[in-house]
Amino acid sequence: MAESSGKPSVLFVCVHNAGRSQMAAAWLTHLAGDRVEVRSAGSSPGVSVNPAAVEAMAEVGIDISAESPKILTIDAVRESDVCVTMGCGDTCPVFPGKRYLDWKLDDPAGQGVAAVRPIRDRIKNLVEGLIAEIAPEAKA
């Protein structure tokens, strides 16, 4: 897929695909627009997106309430140029030629929105750095 669209693709992976990876995917979509193809998945997906993550993102004007956790598939990794893991250890399949990043982030599971805000903000900073690397704005 990445080859056909001509734009870089990023897959965010965490265990439950309910907090960190959902926030990261939302930030990347929000900040990069259509310059990047975005996916997220979990090695053991939860039932629903973490309500504290939904609330924390709503505070910055990003609605992730309609998202749902998705299972990590080999195809999702194969079709992505960059795979960003967040605390899922070795469960992400590795393919030659792909770029893998591991972002050390606290798990927001079971945390209130006050504890999720700094995670949300740290993810935004990491996503901004990733965008600068893989999909910088064209200079006029």
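**Terms and the values behind them**

Student: What covers the buried residues of H3?

Tutor: The cover includes H2 and H5. This is a predicted model, in which local features need pLDDT of at least 70 and side-chain atom pairs count only at pLDDT 80 or more, while totals for chains, interfaces and linings use all residues. Residues are numbered from 1 along each chain as its sequence is written, and side-chain values use heavy atoms, with hydrogens and water left out.

Student: Which residues of H3 are called buried?

Tutor: In H3, residues 51-58, they are Ala52, Ala53, Val54, Ala56 and Met57. Buried means under 20% relative accessible area, exposed over 50%, and partly exposed in between, with a 1.4 Å probe and protein chains only. A helix is a DSSP run of H or I with at least four residues, a strand a run of E with at least two, and both are numbered from the N terminus.

Student: Why are H3 and H5 called oblique?

Tutor: Their packing angle is about 60°, with the axes 9 Å apart. Axes are lines fitted to C-alpha atoms, for helices over the stretch in contact, and angles run from 0 to 180 degrees between N-to-C directions. Under 35 degrees counts as roughly parallel, over 145 as roughly antiparallel, 65 to 115 as roughly perpendicular, and the rest as oblique. H3 and H5 are therefore oblique to each other. Contact means heavy atoms within 4.5 Å; here Ala52, Ala53, Glu55, Ala56 and Met57 of H3 meet Val113, Val116 and Arg120 of H5.

Student: How do you know what to call the angle between H2 and H5?

Tutor: These axes come within 9 Å and cross at roughly 50°. That makes H2 oblique to H5. The residues in contact include Trp27 and Leu28 of H2 and Ile123 and Val127 of H5.

Student: What makes E2 and E4 the edge strands?

Tutor: The sheet is open, with four strands in the order E2-E1-E3-E4 and parallel pairing. E2 (37-42) and E4 (99-102) each have a single partner strand, so one side of each is left without a neighbour in the sheet. The twist from one strand to the next averages 20°.

Student: Why is E1 called largely enclosed?

Tutor: Six of its six residues are buried, so the rest of the structure largely encloses E1. Ser9, Leu11 and Val13 point one way, and Val10, Phe12 and Cys14 the other.

Student: Is Ser80 buried or exposed?

Tutor: Ser80 has a relative accessible area of 2% and is therefore buried. Its place is in the loop between H4 (74-78) and E3. The side chain of Ser80 reaches the backbone oxygen of Ala76 at 2.7 Å.

Technical notes
Two strands pair if DSSP finds at least two bridges between them. A polar contact is a pair of N or O atoms within 3.5 Å; within protein, one must be able to donate a hydrogen and the other to accept it, and residues adjacent in sequence count only if both atoms are side-chain atoms.
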